Amino acid sequence: DLSTGIIYRRRIATCQNVIPEILRKKCFYPQNSYFQSCNSSTCQVSVLKVSDIYLEEESWLNMRKRKMSMKTHCLTWTQYASLSEESVFRESSENPNWTDFTQKGRISVTGAGLLNCVLEAFARSFLKQGVKK
């Protein structure tokens, strides 16, 4: 937008699934809220058995304030998990050649019983990989 000096972008990103293969071989039964081996003929939905995870990313680049804000949330497994991240890049008050970076993230997994914590740990490692880049 020329009047505000803010450039807005929205995109869908594809990321590799970081959940170990052993956990992807489990199937989820929403009505019972537990995981069970896929050997059964009654296996209904394999929610973890995907190679890619889709994320929606929105960004606002304010050229006048020299600040970029980003919001990302997961589009995969929305009925079982919530993963969101907010990042802000701005000119440092100490040195205009430096960049201050702040990041917040939220992870929540429901309906997986005892595996909730395990799946949240892998989601946390996924967010941390983005910080390292």
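Mentor: We'll take the fold, the sheet, a loop residue and a cavity in turn.

Trainee: Before that, what kind of model is this?
Mentor: This is a predicted model: local features need pLDDT of at least 70, side-chain atom pairs count only at pLDDT 80 or more, and totals for chains, interfaces and linings use all residues. Residues are numbered from 1 along each chain as its sequence is written, and side-chain values use heavy atoms, with hydrogens and water left out.

Trainee: How many helices and strands are there?
Mentor: The protein has two helices and seven strands. These are DSSP runs numbered from the N terminus: helices are H or I with at least four residues, strands are E with at least two.

Trainee: And in what pattern along the sequence?
Mentor: β-α-β-β-β-β-β-β-α.

Trainee: What sheet do the strands make?
Mentor: Five strands form an open antiparallel sheet, ordered S1-S4-S5-S6-S7. Strands count as paired if DSSP finds at least two bridges between them.

Trainee: Which strands sit at the edges?
Mentor: Strand S1 (6-16) and strand S7 (99-109), each pairing on one side only. From one strand to the next, the twist averages 15°. That angle is taken between N-to-C directions, from 0 to 180 degrees, with axes as lines fitted to C-alpha atoms.

Trainee: How many bridges join S1 and S4?
Mentor: Eleven bridges, in the antiparallel sense, with S4 covering residues 52-62. Take isoleucine 12: its bridge partner in S4 is glutamate 56.

Trainee: New topic. Which residue has a positive phi without being a glycine?
Mentor: Arginine 66 does, at about 55°.

Trainee: Where does arginine 66 lie?
Mentor: In the loop between S4 and strand S5 (67-74).

Trainee: What fraction is buried?
Mentor: Of the 133 residues, 29% are buried, meaning under 20% relative accessible area with a 1.4 Å probe, protein chains only.

Trainee: How many cavities of 30 Å³ or more are there?
Mentor: Two. A cavity is a set of points on a 1 Å grid over the protein atoms alone, where a 1.4 Å probe fits but cannot get out. Its volume is the space filled by probe spheres set on the points, which are joined across faces, edges and corners.

Trainee: What lines the second largest cavity?
Mentor: Ser84, Glu85, Glu86, Lys104, Gly105 and Arg106; lining residues have an atom within 4 Å of a point. Strand S6 (81-91) and S7 each supply at least two residues of that lining. The second largest cavity holds about 40 Å³ of space.

Notes. Buried < 20%, exposed > 50% of the residue type's maximum accessible area, 1.4 Å probe, protein only. 1 Å grid on protein atoms, 1.4 Å probe; cavity = no way out; pocket = protein on both sides within 12 Å on 5 of 7 lines; lining within 4 Å.
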